[in-house]
Each structure stands twice: as structure tokens, then as C-alpha cells.
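Open the model in your viewer and keep the selection tool at hand. The tour below goes stop by stop.

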Amino acid sequence: MKPVECNACGAAAKVVRGSYAFTECGLKNVTLQGVEMIRCPHCGDEQVVIPHLDELMRTLAFAVIRQPYRLQGEDVRFLRKYLKMTQAEFASYLEIDKTNLSKWENNEDRIGEQSDRLIRSIAIALGDRLKERIEEVVRSFPHIHKSRRRPRLEWDAESSSVSYV
């Protein structure tokens, strides 16, 4: 492996594989497994190397849509941003005021079961290269648990697959 340089201080850094809490995606419960990280022993800086970011975001969007638990605020915000929509645009698809959407996204108001399914349907129908899986998603609707349990999503860099933990 060729030597790498720390972006922060310019010293020689090491490339290692490990787990990374991917909070930058907007979801609190996503861990990337087996990703390369550049660690600098000199300044302590650590940078993650995320391969195929578009594919990862699409995989996460599908995992959120397909999760067997009710959507929560961070899920709705993630899906809206994945679709590259403003609150006003997304609210218009849902036939609600953007203040209602804001309350959902901030967990100030509970998302109803029908709204949950509509959000999932819109995201799967309009999401980049997700349409081909719409039947799978719709058939999963009867299996959505009513609990608000938060599964942790783990993405494996090698297989590009997601699992609920």
C-alpha cells in the first residue's frame, strides 16, 4: 500500500480498516463496517474513506424505507434530503403544511401509520434507481411494527449490504 499523507498536518499517516459511526448521513444509528480510515499518529486526525458514496446513500435510503419499524423524524428528514426536496416540496406531495413536516422531522409530533406508508411510497417511487423495488416495499407494509424501536443499521463495505442490528 502506498504511503498516505495526513490532510490535517501533512505527516505520514496509516490506512486501517475498521468501523465508523456515519452520523454525517443524518441518521444516528448507521455504522459502516470494514471501511478504510486514514489515521495520523502525529496529530490524531482520522478520516474515513467511503467508497461509492451514491450507492451507499441509495442503500441507506432503501434500508430506511424497508425497515420493519415506524419511521421517526430523522428517517423522514433523511428521505426528504435523499430526494433533494425542500420541506415545502415534500410537504406538497404529502398534502400537509410544511410546519407539520417540520414537527415530524424534529420528533415533536408522531407520524401516523398512513403518513408513514405514504412517505415510504413517495421515497421508493421517486428515489434514484429504487423504483424497481416498489413491490417489495409495498408488500412489507403489513409487517411494519408499531413500536418505535430504533434498529442500528450496519453497512458492510465489502458486500455493500445493510443489516439491522
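Is Arg-77 buried, partly exposed or exposed? Select Arg-77: it is partly exposed, with a relative accessible area of 23%. Buried means under 20% relative accessible area, exposed over 50%, and partly exposed in between (1.4 Å probe, protein chains only).

A word on the model. It is predicted, so local features need pLDDT of at least 70 and side-chain atom pairs count only at pLDDT 80 or more, while totals for chains, interfaces and linings use all residues. Residues are numbered from 1 along each chain as its sequence is written, and side-chain values use heavy atoms, with hydrogens and water left out.

**Stop 1: helix H2**

Select residues 73-82, helix H2. Helices (H or I, at least four residues) and strands (E, at least two) are DSSP runs, numbered from the N terminus. Eight of the 10 residues of H2 are buried, so the rest of the structure largely encloses this helix. Among them are Val-76, Phe-78, Leu-79 and Tyr-82. Now show helices H1 (53-66), H3 (87-94), H4 (98-105) and H5 (113-126): the buried residues of H2 pack against them. Contact means heavy atoms within 4.5 Å. Just after H2, Lys-84 has a positive phi of about 60°.

**Stop 2: Glu-105**

Arg-77 forms a salt bridge with Glu-105, the closest N and O atoms being 3.8 Å apart. A salt bridge is a side-chain nitrogen of Lys or Arg within 4 Å of a carboxyl oxygen of Asp or Glu. Next, pick Arg-80, buried at 9% relative accessible area. Its side chain also meets Glu-105 in a salt bridge (2.6 Å, N to O). Glu-105 lies in H4 and Arg-80 in H2, so this pair ties together parts that are 25 residues apart in sequence.

**Stop 3: H1 against H5**

Show H1 and H5. Their axes come within 10 Å and cross at roughly 150°. Axes are lines fitted to C-alpha atoms, for helices over the stretch in contact, and angles run from 0 to 180 degrees between N-to-C directions. Select Phe-62, Val-64, Ile-65 and Arg-66 in H1; they meet Arg-120, Ala-123 and Ile-124 in H5.

Stay on Arg-120, buried at 0% relative accessibility. Arg-120 forms a salt bridge with Asp-116, with the closest N and O atoms 2.4 Å apart. The two are four residues apart in H5, separated by about one helical turn.

**Stop 4: a loop**

Finish at His-52, in the loop between strand E4 (46-49) and H1. His-52 is exposed, with a relative accessible area of 60%. Its phi is near 50°, a positive value in a residue other than glycine.
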